[in-house]
Amino acid sequence: MLTVQNLEVCYGAISALRDVSFTIEAGRIITLIGGNGAGKTTTLRTISGLLRAKRGSISFKGEDITKLPPHQIVARGLCHVPEGRMVFSNLTVDENLAMGAYLLSDKAKIAATRDYVFSIFPRLKERLTQAAGTLSGGEQQMLAIGRALMGEPKLLMLDEPSLGIAPKLISTIFEKIVEINKSHGITILLVEQNANLALEVSHDAYVLETGVVVMKGPSAELRANPELKAAYLGG
Amino acid sequence: MSEFLQQLLNGLSLGAIYALIALGYTMVYGVLRFINFAHSDVFMVGAFIGYYIGQKVPQNTIGGGLVVLLGAMLGCALLGMLIERLCYRPLRGAATLNVLITAIGVSLLLEYSGQVFFGATPRTFPSVFPSTNFAFGDLVISSNQVVVIVVTALLMVGLQLIVYRTKIGTAMRAVSLNPKAAQLVGVNNDVVISFTFGLGSALAGAGGILYALNYPSIDPLMGVMPGLKAFVAAVLGGIGNIPGAALGGLLLGTVETFVNGSQWSTYKDAIAFAILIIILLFRPAGLLGKVSVEKV
């Protein structure tokens, strides 16, 4: 579904990604793990068009999207839940969800997707008229995911959904991520610093280190890998 | 008492014009975080478009007046979008200071091209709307003041509906809050920014006509002072805040008119800016603005 080949991305003179390649098959949950500065967020931002690749290519459903602007990438069904959630703080929950469906016009379909979002995150329905900025961190994360789902993604990219969220809510959110994948067959690309959690919910994993993929394989195998254990999983 | 009401009325109709111009400053600041100094000259071009259309329409009629008003709004909307496309879009992602300097350049370009094309000599704006005075006891309301207040009120309601009830308006607010997140839900930020310039410039065009109706001597530098005052009004209300710009404009116009009618009339402009300084000392984010930390 998504193929990233030899991606190289620079911030000025500093290269953030040196050579990143990976593929995602439809229906899977893939995770990118790695420490701070490994290039996980940069990878997602480049896929969604916020950053430009210096070299390499990205193709989605067989089409080269390397040079497309973000709004055209969203239109193809590739939605990105950014790091730090980035909900529209002064807009209500309702308006945030409506913005998620910005490119869609079929009202009946939008309403159906909204119901689906509410079935996953009932909390959002209770908070409809509230400004998004007044929600708790966990609720904002639910809204950010809900907003992306409103765009009817084929592939959903999640950047650090556990960041800054009460531990109690983290497991809820990860359960929902699995549910979204199972019930709607939405392919998921998950970026996480919490490697344990990420490997637990995903099918396959790639390990990034300073802009290079250093390890890859089925998540269950990587969890048992002693090298990885020592580096990321706390022994 | 009637003296007070009279001044209040005069003040509100002047303030309404400041408010219309201030809205353009504040909306553009909202989406691009810079002050479009060329905005005051779009206001001037609006008056000149009105001047030329005004030669062709029947004088002293509501219909003729509306044609002039809509023509100026449309012309200014196109001009604003053109300025954004040619001068500001190539600088997207550049430092704010670069864009700010460009804006000053565009402002000078419009002012002095205006002198080339329209001439530096002031011209008399035609009386396009019916002009009579209505007297209520001692209180005198000119029909042009009525036009100013009615048109401003309608435009503000319209703007409110666009910003809070339409998809593009919601997108404007979204881009203003978080441009990256807006892109990630599929908003083409360039389209929204262009729309914002068009909308703000149309209001400036309307402001130009309303100003010229009440102060019918127009010249290519006429935008400088009202533009500066409107900028003050926008900052006063809280830059980036739409109701704030409207409030700031009305407040500034009213204060200026009262000072003008007092023994300190010579200092009316000084007082306008003194108010700005004092309010900003106590409320740095403006009257309705929220103190926000610039995100890095």
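Hi everyone, let's start where the chains meet: 21 residues of chain A are in contact with 14 residues of chain B. Please keep in mind that this is a predicted model. Which elements of chain A give two or more residues to the side that touches chain B? Those are α2, residues 70-75, and α3, residues 93-100. If you sort that side of chain A by class, you get twelve nonpolar residues, seven polar ones and two charged ones.

Now over to chain B, and a hairpin. Strand β2 of chain B covers residues 133-136, strand β3 of chain B covers residues 139-142, and the two run antiparallel, joined by four bridges. To pick out one pairing for you, Ala135(B) has Val140(B) in β3(B) as its bridge partner. Two residues sit between the strands of this hairpin, and Gly137(B) takes a positive phi there, near 65 degrees.

My last stop is a helix pair, also in chain B. Helix α9 spans residues 224-237 and helix α11 spans residues 268-282; their axes come within 10 Å and cross at roughly 20 degrees. How do we describe that angle? Angles under 35 degrees count as roughly parallel, so α9(B) and α11(B) are roughly parallel to each other. As for handedness, the crossing of α9(B) and α11(B) is left-handed.

And who meets whom? From α9(B) we have Lys229(B), Val232(B), Val235(B) and Leu236(B), and they meet Ala272(B), Phe273(B), Leu276(B) and Ile279(B) of α11(B). By class, this contact of α9(B) with α11(B) holds seven nonpolar residues, one charged residue and no polar ones.

Technical notes. Residues are numbered from 1 along each chain as its sequence is written. Chains are lettered from A and ligands numbered from 1 in the order in which they are written. This is a predicted model: local features need pLDDT of at least 70, side-chain atom pairs count only at pLDDT 80 or more; totals for chains, interfaces and linings use all residues. Two residues are in contact if their C-beta atoms, placed from the backbone, lie within 7 Å. Ala, Val, Leu, Ile, Met, Phe, Trp, Tyr, Cys and Pro count as nonpolar, Asp, Glu, Lys and Arg as charged, and the others, Gly among them, as polar. Two strands pair if DSSP finds at least two bridges between them. Axes are lines fitted to C-alpha atoms, for helices over the stretch in contact, and angles run from 0 to 180 degrees between N-to-C directions. Angles under 35 degrees count as roughly parallel, over 145 as roughly antiparallel, 65 to 115 as roughly perpendicular and the rest as oblique. A crossing is left-handed if the near helix is turned anticlockwise from the far one by less than a right angle, and right-handed if clockwise.
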